[in-house]
Amino acid sequence: MRVGGPYTVVASFLGYQEQTQENIYLNLNKTTEVDFTLTETTLQLEEVVVTVDQDAFIDPNKTGSRTNVSSEKLELLPSIARSAKDFTRLTPESDGNSFGGRNNLYNNFSLDGSIFNNSFGLDYATPGGQADAQPVSLDAIEQIQVSLAPFDVREGGFTGAGINAVTKSGTNELKGTAYYFFRNESMIGKKVNNVTTENLDFSAKQFGISVGGPIIKDKLFFFFNAEAERKTELAHGFVADNGSNSGSNVTSVLESDLIDIKNHLFNEFGYETGKYQGYNHETYNNKFLFKLDYNLAKNHVLTVRYNMLDAYKDILPHPEAIGGRGPTSYRMPFENSSYRIFNEIHSVVAELNSIFSDKMANNFMVGYTAFRDHRDPHSKPFPVIDILDNNLNTAITMGSEMFSTNNILNQDVFQIKDNFTYYFEKHTFTAGFNFELFKFENSFNLFYYPLNTFNSVTDFLNNTSADIDFNDQVTQSQMNDYLVTYADVGQLAIYLQDEYRVSDKLNVMIGLRGDIPMYFNEIENTDAVKKVSDYNGWVDENGNVGVEVDPSKWPDSKLMWSPRLGFNYDVKGDNTIQLRGGTGIFTGRIPFVWLGNQSSNSGINPFYTFQVNATSKDFSWPQVWKSNLAADMVFGEGWNATLEGIYGKDLNAIVHRNYNMAPPTGQLTGTGDDRKIFAGFNEVNIYSSDPANAPDFLDAGTIIMDNTDEGYSYSLTGKLGKKFDFGVNADVAYTYMESKDYTSIPAEIAADAFQRNPVVGNPNDPSLSWSRYGLQHRFIASAMYKIEYGKMATSLAFFFEAGRGNRYSYTYAGDLNLDGIINNDLLYVPVDASDINFGTVAAGIGTPAADAAAQWTALDAFIEQDEYLSTRRGDYAERNGAMLPWFTTFDIRLAQDFKLDIKGKENTFQLTFDLLNAGNLIVPNWGVRQFASTYTPITVNGVDNTGVPYFQFDSNLRKSYVDDVSLRSKWQLQIGIRYMFN
């Protein structure tokens, strides 16, 4: 039977009184048992009506951690984006994107049980996420479930969480709804703390219609939803320094410099940069879903679903990749450095559920999804131009966005799966398979137009077209073809499981799953590829010389086993206390862009190659061993409580290494910082240092995707809830989480993934440290109340969240360990003035700074006010060791229903008010988010001939955090109008 309800179940037998149980709801991944005790008709009893609790807290079939979001919560809880993300945040172990402290790209998203990921893994794991679009309307979703440790072997494809949404179906009664939600600039706060920021011509609208009902009563049903979204909003809230303004949104970039640069580019090269502040970006999407449910026969139900998405969004330059170009407290991009991304999706899925007898049932599913994504730069074709500040950070950027030149991604995803179930006394046996095929066609042309970097504004303005002809760079670049690469990857899973009802108190689930990665296309073994495979100088992370690197070969396909065991024990046998949990291995996919890197960058081309990518021969897809133990209890008058712990240990975590880099042989001296440094270019770039390969320069290295078993995460969660007699349903939860890894890999480009992993010394030898994902502390609370009176009904609901985490690293600006990579060296935090040298280095000779004492006084004060750095004096800052301050948010939803009697049918007109971050409406400094004022507080000026480093510190840097003046820190009100008819 389909998820949802309400259902009515009637039991009858000759000679016995018929009985009925009503208002039965079926929840996702939850077996609903309906028990009857029939009485002989000679007793002449009246019909017995039993009402079943659709959300029974004690569930004998629940083993691992799972959060169910019911249709009631989807209807009542606040949401402005009307996105699944607004409801998956009800999972205590979530930070809004990731779950259980793991990279959100390790999640698996499914729709009605069919795979529905952005499997290539660019930026977002969810389809349509790049265009900020919900791929399926919230009005089309019946339930959402988040599983962190499900010990059912049918669930796989993730090491983070499995998120499944179930769509609505039609019934025998024709029902529908039409709705319209809107916001404008007058419905958004303007003050963030003491800063006033205008919202320009902000406008956000969502409107749609849903209808479901019978085509043939009791036989064939339909449901469809169509929805559109239109939004225009301020691209960013930062402003340039005009000499008289102040506040957390004022950058260190001078407005006079921006004006001079804009004029110079137009006058000298005829190039229009666009604005540098005060401009809007647009979001646009249309979505549609159509679903048929067909009762083919008494025991056979066919479901067919089609859904589509057509979306685009304007996006700022990337905030981190290749040094980062997005706006921040020290950087301003021009308007035309942005781009527009397009996401188009078409998906069709068919599912057949069959019951062959009282002992045998089967579920068969087949599906196909096509993703068509591309980018359009806002700029006309033009090189990227970066201007650095005194701390060697990109301060001003302009030109055509470097990742968007002919950036096209076509994905075709096929899926077929079958689950056969056999019921035998106290056993439920399940055997099945799931096959997924991913076909990727990708055109990605990084540095198609050259990157030009200038050390200062003066340096840039002093160059004319006679010195550097940017237009000629465009002409020369356009003589080259665009790169197009392919990757065809599959995953076959086979599994067998026994759900054994040992007794009325104890249920046990034991299963075995095997996943086999498959590679269906070949990488052409060209002369450029042979330059890689034939070279015998590559060095692995252990310093072994001559290791094999062959980018023409995919990793070996090998069977990866995932045994699992789960249990549920009703302690007293009265559904008041249950112990549940289990242990098992979960095998996930990787973002396939990491394999696409190998297809794109497989060879060394004449004269220059940015990077070569390959995978280690024994590379394995991610695996994590998860264990879960929980206790659930109901007590008193409607109270319930849960205490739950989850521990995950990495078995095959992903790490990127550079086999074009030898271990460093140098070492710093002169202070407590004695890290290893690279003694010369021959250690940093082995291939290009070899005289035989001098004409072929290899820049970022030979990046190998490999595995490590280092990494773990654990969480402890306590939940408390109550259903009050007067109608309020309230929950509160707290989670403490710790997550550590070798590398959090926030990047899609392999070289970027390697270079952006902060280290002490050797980048090929990262240490186990904090993950950037997950919150260390998180409180959430929600409450819902609905009252009906006369021809009206009022509902009120709220969601509260407070958390701390959002980790980041403190590194040096520049290149301290001389590995050729900037901003990846973790800080050494000096104890006192003698533990750091301020000054410059020229020709290997260090010269102390005249204002060294003043610089130390300012740095010492900065360290002391920083909650994290003040604890690390005399030691290195840890990767992702620092955390942003606590944040809070409080969201409210009020809905007022007016019931209308039309031709004997009850229709409803509804008015809703969703208020996000309500605290900021009350007091401007409530609900304000903050971000780090800098990740690179100290700049490297060089290392002298004896290994002594010299630095500089900006004495104007006084605070670790600045306010985020974006919409995240402002109150927002959305008004909705809905009409429900039947």
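F424 is part of strand β23 (residues 408–424), where strands are DSSP runs of E with at least two residues, numbered from the N terminus. With a relative accessible area of 35%, F424 is partly exposed, a label for values between buried (under 20%) and exposed (over 50%), using a 1.4 Å probe and protein chains only. From F424 to R82 it's 342 residues in sequence and 44 Å in space, C-alpha to C-alpha.

Keep in mind that this is a predicted model: local features need pLDDT of at least 70, side-chain atom pairs count only at pLDDT 80 or more, and totals for chains, interfaces and linings use all residues. Residues are numbered from 1 along each chain as its sequence is written, and side-chain values use heavy atoms, with hydrogens and water left out.

**Aromatic pairs**

- Searching the whole structure turns up 46 aromatic pairs; rings of Phe, Tyr and Trp (its six-membered ring) pair if their centres lie within 6.5 Å, and planes under 30 degrees apart count as stacked, over 60 as edge-to-face and the rest as tilted.
- Y647 and Y712 make a stacked pair, because their ring centres are 6.4 Å apart and their planes sit at 20 degrees.
- Y647 belongs to strand β32 (residues 639–658) and Y712 to strand β36 (residues 712–723), so this pair ties together parts 65 residues apart in sequence.
- Y647 is partly exposed, at 37% relative accessibility.
- F798 and F890 are a tilted pair, because the ring centres are 5.3 Å apart and the planes are at 35 degrees.
- F798 sits in strand β40 (residues 792–804) and F890 in strand β47, so here the parts tied together are 92 residues apart in sequence.
- F798 is partly exposed at 26% relative accessibility, and F890 is partly exposed at 31%.
- There's also a cluster: F120, F438, F440, F592 and W621 are linked by ring pairs.

**Around β37**

- β36 and strand β37 (residues 729–741) run antiparallel, joined by twelve bridges; two strands pair if DSSP finds at least two bridges between them.
- In that pairing, K719 is opposite A733 of β37.
- The two strands form a hairpin with five residues between them, and G727 in the turn has a positive phi of about 115 degrees.
- β37 also pairs with strand β39 (residues 777–789), antiparallel over eight bridges, with A730 opposite A783.
- Strand β38 (residues 769–770) pairs with β37 too, in the antiparallel sense over two bridges, and K740 stands opposite W770 there.
- K740 also has its charged end over the ring of W770, 4.4 Å from the centre; that call needs NZ of Lys or CZ of Arg within 6 Å of the ring centre and within 35 degrees of the ring normal.
- Elsewhere, the charged end of K626 sits over the ring of F586, 5.5 Å from its centre.

**A four-strand open sheet**

- The order is β18-β22-β21-β25, with mixed pairing.
- β18 (332–333) and β25 (451–454) are the edges with a single partner strand each, so one side of each has no neighbour in the sheet.
- Strand β21 (residues 384–388) runs parallel to β25, with four bridges between them, and I387 faces F454 across that pairing.
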